[in-house]
Amino acid sequence: MPARVEYIAPWWVVWLHSVPHLGLRLQQVDSTFNPRDESYRESLLFLGLVAAVCLGLNLVFLTAYLACACCCRQDNAVQIKQRDSCCVTWTAVAAGLVCCAAVGVGFYGNSETSDGVYQLIYSLDNANHTLSGIDTLVSGTTQKMKVDLERHLARLSEIFATRGDYIQTLKFMQQMASNIIVQLSAVPVWREVTAELTELADQTGHVEYYRWLAYLLLFILDLVICLLACLGLARRSRCLLASMLCCGLLALLLSWTSLAADTAAAVGTSDFCVAPDTFILNTTESQLSTEVTRYYLYCSQSGSSPFQQALTIFQRSLTTMQIQVAGLLQFAVPLFPTAEKDLLRIQLLLNSSESSLHQLTAMLDCRGLHKDYLDALAGVCYDGLEGLLYLGLFSLLAALAFSTMICAGPRAWKHLTTRDRDYDDIDDDDPFNPQARRIAAHNPPRGQLHSFCSYSSGMGSQTSLQPPAQTISNAPVSEYMYGRGSWGLPSCRVALGEMGLWAAHPGPESQEPSHALRREPTLREHAAHRERLPAPHVFSQHEGHLHVRGRRTPEALRE
């Protein structure tokens, strides 16, 4: 028999097992794993309540911070606006990185936990298959000895009725068969154990599936919240920012809830992993003998199998019966030819029973079940418990990240509100306002400005005469400004330009080609342009001639 692989509890099992176990009344509770004990269950519930208290403190801190951030006013808002914007940006970036790191840790922990649980289920299925095979072999061999062998022996007794020595041989074989049945009855029946193992594997598989799916949805929710935060800050959308804050609060609650569940599960699992043999011995004492349970739990090289004697008697009985059958075939068949058929059937039955004996000996050996036991412990206490620790770290990092996002929310909201207020303060009539230029370009004026630029007749009517034909001139704009050429639309445009209205409503001649690129004037050019503008002129209509106050039109000068 090869050396037994010893189970050694890892350091995180010892560390988690050392966590104080307190009841709801703060009394000390025994840390031995016993889920049927109410006080022990209360100690695990107390750990979950500790996480709930931490959640309450976190919410109180966030409420106080948000109240202070919303109520406090800053006097030098203009000076620190840029600094606050930078602070909000870097805070959001840091929180997003922490959240992404938490999701990465959570994915790894979720995978490790799932691997450990499914290794446990696989080991339980293997052990269940072995125990079910033992019951099948025992029941099948017993059926052969009780029914099939008895039927053949009864028929041979009728054939050998005249030979007393042959009858004594048949009785001796019947006695050997009874010994085999007695020895097989010493093998424990695993029917109840297999039923419990099957139920445990099914329940564990269902719980693990929904646990894995729940964590996967939580990871997706965290990533969606990070995406909402990035889009809200990039697009400066208060709707996305508000959605991020609401979802962040929900994710914060779920993170603390998962931390409470992970903590209770990790501590309970560590209590089992510290002394798993003790728990199994206490659980199976009503179904199996302590000797059998210890044989499979420890599988010591120095220890002997509790089934060794029964299997030895089984083997000897079968050998004796085979020798007796071979003698009858040799000596009785020539005298009683009709007995050959039954003797051959008995010989086949004994051969199949011997094959079952070898299979039963291999299945009852401790090495197979003990390997399944160690694999189950490795899955639960190594991979599974390690994954729970990583999931707990994920919950802490996620709670930290979302708390930071919620704290940065009011500052981002104020920054967006201040930016919108600054845009609202800009004069829409300012010709150097980019927003006004875009509006004017998309909404050109439909009506004509007759009050500023119109043609009059001698009778004083504005509609009786048609405006004179425009003369096309290559003169520069300055010549039109001082009256050169006929008084037409260009001169009117100059007057409107002097009043600051033509910039907001450009005429067709002043519009550049669509392929030309306009350059927005700077503040310095804006100020210099206003200094160069002459004093505003007022249009008036006198004696049918259009003139500008302080400047005569060319027609008036000729008159």
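A: Helices are DSSP runs of H or I with at least four residues, strands are runs of E with at least two, and both are numbered from the N terminus. The model is predicted, so local features need pLDDT of at least 70 and side-chain atom pairs pLDDT 80 or more, while totals for chains, interfaces and linings use all residues. Residues are numbered from 1 along each chain as its sequence is written, and side-chain values use heavy atoms, without hydrogens or water.

Start with the disulfides (pairs of cysteine sulfur atoms within 2.5 Å). The count comes to two. One joins cysteine 273 to cysteine 381, with an S to S distance of 1.9 Å. Its S-S torsion is about -90°, so this disulfide is left-handed. Cysteine 273 sits in helix α6 (residues 238-274) and cysteine 381 in helix α11 (residues 366-424), so the bond ties together parts that are 108 residues apart in sequence. Both cysteine 273 and cysteine 381 are buried. Buried means under 20% relative accessible area, exposed over 50%, partly exposed in between (1.4 Å probe, protein chains only).

The other disulfide links cysteine 299 and cysteine 366, whose sulfur atoms are 2.1 Å apart. Here the torsion about the S-S bond is about 60°, so the disulfide is right-handed. Cysteine 299 belongs to the loop between α8 (290-298) and α9 (308-331), and cysteine 366 to helix α11, so the pair ties together parts that are 67 residues apart in sequence. Relative accessibility is 4% at cysteine 299, so that residue counts as buried. Cysteine 366 has 0% and is buried too. The backbone at cysteine 299 deserves a look: phi is near 50°, a positive value in a residue other than glycine.

What about cysteine 99? Its closest cysteine sulfur is in cysteine 226, 3.0 Å away, and that is too far for a bond. Cysteine 99 is buried, with a relative accessible area of 1%. Cysteine 54 is partly exposed, at 31%.

Now return to helix α6, where cysteine 273 lies. Alanine 251 is also in helix α6. Alanine 251 has a relative accessible area of 0%, so it is buried. What does alanine 251 touch? Leaving aside neighbours within four places in sequence, its contacts (heavy atoms within 4.5 Å) are Leu221, Asp222, Ile225 and Phe402. The C-alpha atom of alanine 251 is separated by 9.8 Å from that of serine 403, a residue 152 residues apart along the chain.

Move on to helix α10, residues 340-364. Which of its residues are buried? They are Asp342, Leu343, Ile346, Leu349, Leu350, Ser353, Ser356, Leu357, Leu360 and Leu364.

Finally, turn to the loop between α1 (11-17) and α2 (38-71), which holds leucine 24. Leucine 26 is found in that loop as well. Buried or exposed? Leucine 26 is exposed, with a relative accessible area of 59%. Leucine 24 is partly exposed, at 43%. Phi of leucine 26 is near 65°, again a positive value in a residue other than glycine.

Definitions and conventions
Expected span 1.5 Å × (residues − 1).
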